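Grab a pencil and work through these exercises with the structure open beside you. Try each task before you read its solution.

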Amino acid sequence: MSDFPDSASRVPSRAPGPAPTPPTPGTALRHRLAELRGGGGDVPAQPLDARALAALAANPGCRRRALLDGAGVDKTALARSLGSPSGFGQSQFAFMRGNAFEARVKADGGAELLRLTHGRLGGGPEPVPGESAVPDLAAAGPEGRAARTALALREATESGGWTLLDHPMLALDVAGTPAFLEPDAVVVHPDGGWTVVEIKSFPMIDGSADAAKVGAAARQAAVYALALERVAARLDPAPTIRHHVLLVCPKDFSNLPTASAIDVRKQLSVTRRQLARLTRVEDIAAQLPEGTTFDVRRPAAELTAAVEAVPATYAPECLSACELAFHCRTRAREKGEVTALGRSIRGELGGLTTIGEILAAAAGTSGDPDDPAVATLRRAAALRSEALAGAGAPGAA
């Protein structure tokens, strides 16, 4: 019993306020990723584009890239702060030339682009200049633009005519975080099919272009097609996403556009499978030491420790696809990792993961002799010794 039986009457009563709303998983993740970028959460996130996603899908085992891209860390500035700047990226001249060529291709309501699309992929009667739709896709923020794009795609499919979506916004979930993607264009055919359009400034000479550049464009286009599948799945009936994308390039050595239909079924299948294998970003972040940040204003030693806290899977292909490639290559060489020699070599060596293990197995000082990789290394070492002994013998040519 209370010592102050009338105390309740002397204390003003308070109406119960609303209970605090616990943070949702999505809000908590965004807050955690903002902390990783540093700057008190004020550092803006770098957008995750299709080129980065294609590179990430090509190396799904690299948790370092998955986390940094998912958190929106500026990897170019990070590499510079680590003392391993990379020349990865597009020159300003190439960027301006590409923009000028794209503007020419899309001039007059995309009449030339739609003509090329019909000529390579069909999908209905020949487009009539001035009669094709080019909807306005402006909206507030990437979420608003993605919603406006989805609405425009549905309306264009129902209209039964030619429609050009100029720089639509598509959303794709990547390792538990949303990525907003902006293809050069998407064309809706009168038959209801959707086609991804990639416009590149490298030339197409005599109907063919550089194979490496075409392959990179196909991988990017496959990411866009995968995002389009998510939009189409919400419509009934679901429209057809054409597995041929339209690659538009300058013809020969002119600035006139020409096009080729590129089959991306293989790239689409690989990208879908590899993105599904990515470890979720929140799972990677949960394993980091408390206070880890990739704020580029921190001392190089702290940044190095933060980066090294996230496992990486380096391969020579990273040099053309990742801003941190030089840093990761140096670390891989210091540790003697076999992946620094290439994925194909790593795959052939089975459980031998370092250069030291390979040399010891070849010398016969370690390794299981029944292991095919070990047996092959020892046979190669024996053949090398025989060749060197023969070359040093008297009278050897």
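**Exercise 1.** Which residue in strand 4 is the bridge partner of L164?

*Solution.* Some ground rules before we start: this is a predicted model, where local features need pLDDT of at least 70 and side-chain atom pairs count only at pLDDT 80 or more, while totals for chains, interfaces and linings use all residues. Residues are numbered from 1 along each chain as its sequence is written, and side-chain values use heavy atoms, with hydrogens and water left out.

Step 1: find the strands, which are DSSP runs of E with at least two residues, numbered from the N terminus (helices are runs of H or I with at least four). Strand 4 covers residues 185-188 and pairs with strand 1 in the antiparallel sense over 4 bridges; two strands pair if DSSP finds at least two bridges between them.

Step 2: look across from L164, and you land on V187.

**Exercise 2.** Work out the strand order of the open sheet, and find its edges.

*Solution.* Step 1: the 5 strands run in the order 1-4-5-6-7, with mixed pairing.

Step 1: strand 1 (163-166) and strand 7 (257-263) each pair on one side only, so they're the edges by definition.

Step 2: check what packs on the sheet. Helix 6 touches strand 5 (194-199), strand 6 (244-250) and strand 7, where contact means heavy atoms within 4.5 Å. The direction of helix 6 makes about 115 degrees with that of strand 6; axes are lines fitted to C-alpha atoms, for helices over the stretch in contact, and angles run from 0 to 180 degrees between N-to-C directions.

**Exercise 3.** Is E102 buried or exposed, and what does its side chain meet?

Step 1: E102 has 11% relative accessibility, so it counts as buried (under 20% relative accessible area; exposed is over 50%, partly exposed in between, with a 1.4 Å probe and protein chains only).

Step 2: its side chain makes a polar contact with the side chain of H167, at 2.5 Å. That term means a pair of N or O atoms within 3.5 Å; within protein, one must be able to donate a hydrogen and the other to accept it, and residues adjacent in sequence count only if both atoms are side-chain atoms.
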